[in-house]
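Please walk through the packing of secondary structure elements in this model.

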Amino acid sequence: MMTANEIRDSFKKFFESKGHVIVPSAPMVIKDDPTLMFTNAGMNQWKDIILGTREPEPRRRADTQKCLRVSGKHNDLEEVGHDTYHHTMFEMLGNWSFGDYFKEGAIDYAWEYLVDVIHLDPNDLYVTVFEGSPEEGLARDDEAAGFWLNHVPADHIINGNKHDNFWEMGDTGPCGPCSEIHLDSRTPEEKAKTPGRELVNKDDPQVIEIWNIVFMQFNRKADGSLEPLPMHVIDTGMGFERLVRALQGKHSNYDTDIFQPIIKEISTLSGLKYGETEEVDVAMRVVADHLRAVAFSIADGQLPSNAKAGYVIRRILRRAVRYAYTFLGQKESFLFRLVPVLVQEMGGAFPELAAQRELITKVIKEEEESFLRTLSNGISMLSSAIEAVKAAGKTELDGTQAFRLFDTYGFPLDLTELICRESGVTVDEKQFDVEMQKQKERARNAAAVENGDWIEVRPGEQQFVGYDYTEYECHILRYRKVTQKKNTYFELVLDNTPFYGEMGGQVGDTGVLVNEEETITITDTKRENNQSVHIVKALPKNVEAEFMACVDTDKREASAANHTATHLLDYALKQVLGDHVEQKGSFVSPDTLRFDFAHFQKVTDEEIRQVERIVNDMIRQDIPLQDHRNVPIEEAKQLGAIALFGEKYGDRVRVVQFGPSVEFCGGIHAHSTGRIGMLKIVSESSVAAGIRRIEAKTGAACEQMMYDLEDSMKAIKALFHNAKDLQTVIGKYIEEHEAMKKSIEKFQAETVERAKERLLQQAREVDGVKVVTCVLPMTPEAAKDLAFKLRAAQPENMLCVIGSKHDNKPLLTVMATDDLVSDRGFNAGKVIREAAKLIQGGGGGQPHFATAGGKNVDGLSAAVDKVVELAQL
């Protein structure tokens, strides 16, 4: 029986023998595509080729691609663990042809690999073809069906509807019919009862799709119409986990050697057996699946967070934690202990796992511990809510309350239902669903973007000239209208552009398009499908005219200086902290420099000073930029450039070098380090387990910060009469202040003691109760102290009402002995709320002690009298 690793290798070797270039998997986390957070299909990394913005060479490619499907159109999260074949993270084996072979070649290769190479029984294979769509004028894909007849009998070819057999990249863009290959892995007895063709696409867990061959031949426009693509593309995707299951003769993906080592480790650590109870089995499958998704995401540079892609990863991790908590009895962090077995099983095929093992472990452990605290808080809150439901004589928890637990504290509905059920309480799921739908609508409305069709002005491809120029003659190639949150703007693609599109943490350029007729302001430049897209509020009067594209050079140079400074920081941090330091993110704009890096402890003040010295020394050397463009990647590595995990590199790359600092980079940089001026680190902090963040100032911003510090120092010196030894003088003032503070506290204590004695002597007796009242200038602390001292001196039959004034603010303090509360029903908290109206304030407290503040000092005496009146002694 072939192992999973052997099956993966056999696929690559087969297509390599057919002239395909084997390419590495792209990162699972997509960083520079505004339309996608995660790679959810093998074709994602080839979008720019399919859309015609990049040359298609080589025209034949194959790989295994890490994919994640937990958001948007492809969302399998809630099915994961409950069935045998859905996953969050999965591998997609794929082969592509860009303008080379088409339907016949793709079908022949698929059949040869499945039947002749890995020896699946052809009698168990069924194929689907697109049945056509009369409303769109699309006929049945007889062409594909004809090629399939060369391999399978006619009753193994099944018509599929538009949902199953017409693949689309999105609402607009490349699309086309597809042909799915389904495998019937049932027992002979089951096959004899029901033909496999009757179970295709019927959600039978043993008759499943394993390979989808997409014939991309159309482009979907914004109005829904279709137009032919200039280049036909073959895009195939085969579920690796499902293929392994078939070849290893299993009825569940989780029974293969992809997942079993992890499940066995879960069993060992939890003391529970897999295969005995459904709840435990589901939980183990969830944990095994989600561990892979989270670990690969972290390795590819995405940390759990509360926004966008980071939120999705956090949600997956928390789902695993709650299944382990609820069904596997794991009340402490648990998932991080599974990382070693995952690295052992998959680290050979994906070296990023082994390289990032320590980071993955630390991040998962910290996230687990954090969410377990949240679960504990949620359970406490839910218990109180259940008690309230029962006290009201009800048996159903309000769905709005359940949603609040979910939305605010991350407390999932199924766990809420489980805990409620144990207490004999149900949850109003309908109201919960209503609240959930409201939230989705709010999110959808906030993010809704309507893109018009690209309108072509002239043919051609964009050339980026921004490394060498900040002004360049250009024409508009195409444009489209975009509406978001009722705001309308336009996106332009130019034939030649010096504008850098936002990418790699560096913000996009701003500037203008100008000619003799008009000036168009470019408010931002984004990166989409490997080209710069320019944002403008209004279209030029003549979109066919020639323009001069002019970048705002002040902002460009400030951003470039900050970007170059991040490279120097990276180099310096490695020198000071060690080679384990690796960039984990950055953000550079004209006035911002933020750099995230892998390091497992706080950087000390002395280490920060060392880093600053190294960077500023390199700045003073005015090291010139060495710009190595279009360099073969192996040559780039020989220069010393280090590939970052989570980044996708092509066969040819750009390397930016400043002396010993050598990095892969596509961004805009200073022409020499001297342009930075100076660097000063202003903060160092933790952003996640094992990830530190530095924020710094450079150039003019650094200069201004120095001026601000100088001004502050001058102002402080002036306060201390321009003392030469300011540190000694301030130290002396602090010592004197502490001594004076102690003297004041002693004096206040003595004053309170004298006031207590005087007030007790002056107390009047009403119905057997000593009533102490006064209005005094006194701090709130002293008033409280006085009240408690009076209570200690007169522990029975005493009511004390103090009106105090401090900083021109009134305070009312009421103290009663316990017997007044228990025997006479006195409640200081209730009484003081009424009396506080006379000082235009409010307050409250316990039955024996309460305070109230206000605005009207003149009303204090009346408020004191009102308390005594309300006491009804």
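The paragraphs below take a helix pair and then a sheet.

This is a predicted model, in which local features need pLDDT of at least 70 and side-chain atom pairs count only at pLDDT 80 or more, while totals for chains, interfaces and linings use all residues. Residues are numbered from 1 along each chain as its sequence is written, and side-chain values use heavy atoms, with hydrogens and water left out.

Helices (DSSP runs of H or I, at least four residues) and strands (runs of E, at least two) are numbered from the N terminus. Helix H1 (residues 4-17) packs against helix H7 (residues 240-247) at an angle of about 115 degrees, and their axes are 10 Å apart. Axes are lines fitted to C-alpha atoms, for helices over the stretch in contact, and angles run from 0 to 180 degrees between N-to-C directions. H1 and H7 are therefore roughly perpendicular to each other (65 to 115 degrees). On the H1 side the contact (heavy atoms within 4.5 Å) involves Ala4, Ile7 and Arg8, and on the H7 side Phe240, Leu243, Val244 and Leu247.

The open sheet has four strands in the order E25-E26-E31-E30, with antiparallel pairing; two strands pair if DSSP finds at least two bridges between them. Strand E25 (583-589) and strand E30 (679-688) are the edges, each pairing on one side only. From one strand to the next, the twist averages 15 degrees. Strand E26 (residues 592-598) is joined to strand E31 (residues 691-698) by five bridges. Arginine 594 has glutamate 695 of E31 opposite. Helix H20 (residues 699-719) packs on the sheet and touches E30 and E31, its direction making about 85 degrees with that of E31.

Notes:
Angles under 35 degrees count as roughly parallel, over 145 as roughly antiparallel, 65 to 115 as roughly perpendicular and the rest as oblique.
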